[in-house]
Amino acid sequence: WPSAALGTPRDAVPSSSPRALPPRRACHDAAALHPFKDGMSDADKFLFDTNGFVVVPDVFGAEDLKRFHDAIDAHADAIHERKGQLRLTRGGKDDPLRGDGVTGRKDLAGFLGWEAPHREPFREVLCHPKLVPYLHDLVGPGYRLDHNPLCILQDPGAEGFEFHGGSTLDDGSWNHPLGYDFKHGKMRCNLLAFAVHLTDVNEGDGGFAIVRGSHKSNFTCPKEMRRLETATEHAYQPKIKAGSVVVFTEATTHGTLPWRGSSQRRNLIYRFSPATSAYGRGFVENGGGAPSFFRGRSG
């Protein structure tokens, strides 16, 4: 209560009164910032903090995978192959990411807005009970889908994509929009990604690859390393079974290797950010408000 010098309200209630308010919490944000017990295992915490990613096995079963594939097949006409100027690689014989030099990566988007039932399995990723603990522990409660998720498809021989992300910008400064940090016993990611594997990836097949531990690097990744022209042994391609999810911070340098598998690879990419920040630069006219709300307003 205010001191006597400032005056005491006439209706002030003594602290001993039954009407007294409960004591204030030490931090009014505490309940909002950490309302749940940690959901990640000690092993996953160690692996994520050490490597910048962790593989969550068997998130989706055979029936779930069939729903994903059926939905994608039903929208095959919306799949776009990157050809010509849209190719992700230079295509020269000296480019280690070129694949066969002809087959481009294929992209498919918009699946969260498909008609039911095709949209449902993709929406279930957003709050899947096996994945939510990672979102709460690494991004925080109130996490948000940051920008449009994407389905990446690679046919045999398809090109890769140069390594990107990382903790440091080209000028050597901290890449805070993708930042990873550890403070007061908690890991926090400004942009967290899910790579949902819909098909098996065996050792040496290619596809998703990552530079382990690079989320803690204080130096810019050299261009020749991003293009896989040097230090190729650091481009780690995990062996992953269909239905498993790679959870990784975008602060970890990662990319895609040319696809050497015998059948098409399918992979979903989702990205999440904390409730109070946004990486995606998209916007809607007038903030998405109804025209009547802005009628007669200026500025």
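Colleague: Which residue forms a salt bridge with Asp170?

Modeller: Arg226 does, with the closest N and O atoms 2.7 Å apart; a salt bridge here is a side-chain nitrogen of Lys or Arg within 4 Å of a carboxyl oxygen of Asp or Glu. The pair links distant parts of the chain, 56 residues apart: Arg226 is in helix H6, and Asp170 is in the loop between strand E6 (161-164) and strand E7 (180-183). Helices (H or I, at least four residues) and strands (E, at least two) are DSSP runs, numbered from the N terminus.

Colleague: What should I know about the source?

Modeller: This is a predicted model, in which local features need pLDDT of at least 70 and side-chain atom pairs count only at pLDDT 80 or more, while totals for chains, interfaces and linings use all residues. Residues are numbered from 1 along each chain as its sequence is written, and side-chain values use heavy atoms, with hydrogens and water left out.

Colleague: Is Arg226 buried or exposed?

Modeller: Arg226 is buried, with a relative accessible area of 17%, whereas Asp170 counts as exposed at 59%. Buried means under 20% relative accessible area, exposed over 50%, and partly exposed in between (1.4 Å probe, protein chains only).

Colleague: And how many salt bridges are there by this rule?

Modeller: The count comes to 16. One of them joins Glu250 and Arg271, with 2.9 Å between the closest N and O atoms. Glu250 is in the loop between E11 and strand E12 (254-257) and Arg271 is in strand E13 (residues 265-273), so this pair ties together parts 21 residues apart in sequence. Glu250 is buried, at 5% relative accessible area. There is also a network of salt bridges linking Asp64, Arg67 and Glu124.

Colleague: Turning to rings, how many aromatic pairs does a search of the whole structure find?

Modeller: It finds 12, where rings of Phe, Tyr and Trp (its six-membered ring) pair if their centres lie within 6.5 Å; planes under 30 degrees apart count as stacked, over 60 as edge-to-face and the rest as tilted. Phe60 and Phe68 are edge-to-face, because their ring centres are 5.3 Å apart and their planes are at 90°. Both residues are buried.

Colleague: Which residues form one aromatic cluster?

Modeller: Among them are Phe60, Phe68, Phe111, Trp114 and Tyr270.
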